[in-house]
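Good morning, and thank you for joining this group meeting.

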Amino acid sequence: MSMLLTLAEVVEAGTKAGSPDLQQIFSTATYIIAGICFILSLKWLSSPTSARRGNIVGEIGMAAAIIGALLQHNIISYEWIITGLVLGTLIGAPLAIWMPMTAVPQRTAFSHACGALAAALVGTAHFYIAANVGPALDHTTMAILCVEVLLGALTFTGSLMAFGKLQEILPQRPITFKGQNYFNFLILGLALATGVVLSINPSMTMLFPLLLVLAMLFGVLLIIPIGGADMPTVIALLNSYAGMSACLMGFVLHNQLLIIAGALDGASGFVLSIIMCKAMNRSFTNVLFGAFGQLQTTAGGPGEKRTVRSGTPEEAAQIMEAAQSVIIIPGYGMAVAQAQHKVREMFDQLTKRGVDVKFAIHPVAGRMPGHMNVLLAEAEIPYDKLIEMDEINGEFPQCDVALVIGANDVVNPAARHDKNSPIYGMPILDADKARTVMAIKRSMKPGFAGIENELYFADNCMMLFGDAKAVVASVAKELADAAK
Amino acid sequence: MSLFDQFIGHLYVFILAAFLGLSVITRVSPMLHTPLMSLTNAISAISVVAAIEIAGKQESTLATILGTTAVALAFANVVGGFMITDRMLKMFKKREPAAAKH
């Protein structure tokens with residue numbers, strides 16, 4: 001009680017001296033709590049055992065921040081805020097509840113678009129309030145606001161393009177035209193120039209819509225030349241941009257919580273995109289401006305017709321049954337065929353016989369970082385069986401069977417030795433070193449990157465042609481029948 | 001405090017937060033990179049805080065419309081981001097081979 005009184009006295013004294021009032025202190029306190037919660041949230045995400053706690057503490061932080069924002073004294077009406085919150089729930093919740101796990105990359109791209117647009121709109125509103133109502137913005141704030149809006153707007157349209165490619169509304173292949181990179185830089189240059197003029201003279205309000213349009217155009221142009229195979233990097237990069245625009249908004253509004261949360265998101269996207277680039281042995285510039293997967297004419301390579309050995313599910317089941325260790329290499333093809341639940345059945349059958357079954361996960365397996373792990377976890381495969389590339393590569397020489405399901409480029413040995421291969425230098429899973437390699441594939445058609453895979457012609461490789469789900473299902477059935 | 005000093009203060013906060021972010025994120029298990037992205041997506045929707053202020057202080061019709069739209073978009077990410085992250089994290093289970101079904 002006495003403590004409260006003292007606090008009230010302090011606050012009263014503070015208010016007289018022009019310091020913030022109790023409401024303001026409370027808001028600030030919630031923001032500080034939110035900042036701490038967000039950091040803990042990401043820290044606890046380090047391991048699957050504490051990850052859910054991490055998510056909950058993130059929710060607590062967000063709730064605290066929103067309550068703090070609602071109690072700000074300059075808010076005079078709540079009707080529009082509540083409208084916005086209700087609308088947001090109606091958009092966000094159904095997407096989260098019913099979205100199949102295979103579509104998580106699209107959902108992520110879509111939510112980057114939402115987040116970035118929100119950031120751009122807040123920046124725009126701030127600009128027009130300053131221009132029409134005042135107080136006018138100074139040059140520095142205006143410059144930061146321009147960058148914020150530029151980043152927000154380009155991430156918005158860029159993410160929509162990524163969404164379109166992942167949802168296969170837009171072609172997966174890179175869309176290119178002559179002088180594309182020059183044209184893109186011209187648009188970016190014009191946008192930046194508009195920003196500079198606006199910073200020097202913030203009263204030139206008619207330039208602001210131009211900045212928005214140029215930024216949105218640049219976002220489209222930036223993403224359309226990037227091929228479907230590079231989407232994991234692109235999503236991570238857009239994640240980083242969305243975070244950075246929230247962060248810059250914090251600079252404009254003098255809100256340090258926005259700076260912290262935005263910096264965390266920006267750092268996360270940045271780290272993930274570097275991991276993705278390394279996993280494909282590509283540089284940022286190459287991903288952004290290289291138009292990969294465009295014309296793989298495969299001029300080189302052996303001309304003679306090579307034969308492949310084709311096997312049946314029965315043979316595959318027999319070999320795996322006799323094996324001591326099996327490493328399964330899943331790729332996005334497995335998810336497309338919806339084969340993961342059948343893979344689980346096969347996993348159960350083999351485990352029951354005492355066969356050691358593990359999954360080798362390449363960092364770019366799937367369509368966004370970590371996507372394959374989520375798909376396998378959904379099929380109830382225990383996560384301690386999901387092994388990262390660096391850890392499992394040493395185990396292939398001792399492994400009896402490497403089973404490739406719907407993966408292609410990530411097991412192509414050409415990446416190790418063929419300097420002419422477009423994927424040369426990319427770290428791969430050493431499936432070819434296993435005693436027997438089995439690959440489930442629809443046909444001999446090359447994969448996403450359009451490169452032929454010499455693994456399929458190796459002596460120790462057996463091809464299982466057909467739909468991944470059907471083939472795995474019949475292997476599982478063979479195993480179950482044999483057990484009877 | 002001058003505006004310049006304020007920006008320098010913000011810059012310090014940013015640099016510290018970015019380095020903290022880098023060191024925390026590099027420790028996240030690669031297995032959880034998808035939930036990481038949906039979680040950071042929800043966290044960066046913190047811009048809802050700024051949107052709420054703009055929608056609530058009603059300085060002009062345009063600003064209120066923009067603010068309300070921004071509240072809806074950012075809050076969609078808050079709700080959706082945390083929910084889908086939880087949905088994904090729930091699926092990550094360790095299972096003893098003996099407890100296998102069938």
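**Contact between the chains**

The contact draws 84 residues from chain B and 104 residues from chain A, where two residues are in contact if their C-beta atoms, placed from the backbone, lie within 7 Å. On the side of chain B that touches chain A, the largest share, 28 residues, comes from α4(B). That side divides into 50 nonpolar, 24 polar and ten charged residues; Ala, Val, Leu, Ile, Met, Phe, Trp, Tyr, Cys and Pro count as nonpolar, Asp, Glu, Lys and Arg as charged, and the others, Gly among them, as polar.

This is a predicted model: local features need pLDDT of at least 70, side-chain atom pairs count only at pLDDT 80 or more, and totals for chains, interfaces and linings use all residues. Residues are numbered from 1 along each chain as its sequence is written, while chains are lettered from A and ligands numbered from 1 in the order in which they are written.

Helices (H or I, at least four residues) and strands (E, at least two) are DSSP runs, numbered from the N terminus.

I turn to the sheet of chain A. Six strands form an open sheet in the order β3-β2-β1-β4-β5-β6, with parallel pairing; strands pair if DSSP finds at least two bridges between them. β3 (386–388) and β6 (461–465) of chain A stand at the edges with a single partner strand each, so one side of each lacks a neighbour in the sheet. Three bridges join β2 (residues 356–361) of chain A to β3(A). Within β3(A), Glu388(A) is the bridge partner of Ile361(A).
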